[in-house]
Amino acid sequence: MQPTVTADLPALPTVASPVDADRPLLTWLDAATGERVDLTAQQLGHWAARGAALLRDGCRLAPGDRVAALLPPHWRTAAVLLGAWSLGLAVSFRPRATAGLPVLEPGGDLPYDAVFVTPERLDDWLEDVPEGTHRYLVGTGPGALVDVPVGWLDWSAEVLRHSDAPPDHAAVRPTDAASPDGTTYDQWGGLARELADRWGLRAGDRLLVDVAEHEQPLKWLLAPLSAGASVVLATNVDASRRDALAAAERVTRVL
């Protein structure tokens, strides 16, 4: 097993946390290599704040603008989504390849204001990557991206150019659209709480998620956070070792 890799994070301002401030709120790990990133609520807030500042100050986006995220469950994906939602943006999240078929959404004939995609999906002939005014590649590895195509920017590099201070409170109303299909912030929040209740998630729980099986952020991000639970996002999980992984991570629920 390779040595553990952790995130290189600067000091952050204090933010409210549903779990112990010193314990990870979000963990991403590769069960095959041992690579991992542990983020406390404070640290995740830092990355989300930088992501919001990139969209607000770098892209000049405002509530109601549309972004598309073609990203897997990952700690960087959480930062992208939480940053966008904190600004009142409508986020189209596409967890799977579209087999080259266009995704029909309101305003789908217009470019998105920002697009986030992994390099692998950008090069996948099965994928219909939408047009965007601002375009970012989001890597899932520990280092900077190599050979970024013309017209695209490395999100991991660009986001560090912006402040980690929490953005000013955006005038986001519960009835505003959180996704281009018109689903509101209030509706997504209700779905998240309903799912958390169905799973029996409670504050202090630690949820293990096999990212190959559960790609929707409603499951791996919104539902556990709505309950005050922490999350372990695991990739390359061997089914025969899942119980051992759960024990090692001290999880209380397995999705």
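How much of the protein's accessible surface belongs to carbon and sulfur atoms? Some notes on that and on the rest.

1. The answer is 53% of about 12300 Å², with areas from the Shrake-Rupley method, a 1.4 Å probe and, for residues, only the protein chains shown as cover. Keep in mind that this is a predicted model, where local features need pLDDT of at least 70, side-chain atom pairs count only at pLDDT 80 or more, and totals for chains, interfaces and linings use all residues. Numbering runs from 1 along each chain as its sequence is written, and side-chain values use heavy atoms, leaving out hydrogens and water.

2. On the fold, I see seven helices and ten strands (DSSP runs numbered from the N terminus: H or I of at least four residues for helices, E of at least two for strands). Of the 255 residues, 49% are buried, meaning under 20% relative accessible area with a 1.4 Å probe, protein chains only.

3. Take a look at glutamate 158, which sits in helix α4 (residues 155–158). Glutamate 158 counts as buried because its relative accessible area is 16%. Beyond its neighbours within four places in sequence, glutamate 158 is in contact with Leu54, Tyr136 and Leu153; contact means heavy atoms within 4.5 Å.

4. Contacts reach across the sequence too: of those with a separation of 6 or more, 69% join residues 24 or more positions apart.

Conventions:
Buried < 20%, exposed > 50% of the residue type's maximum accessible area, 1.4 Å probe, protein only.
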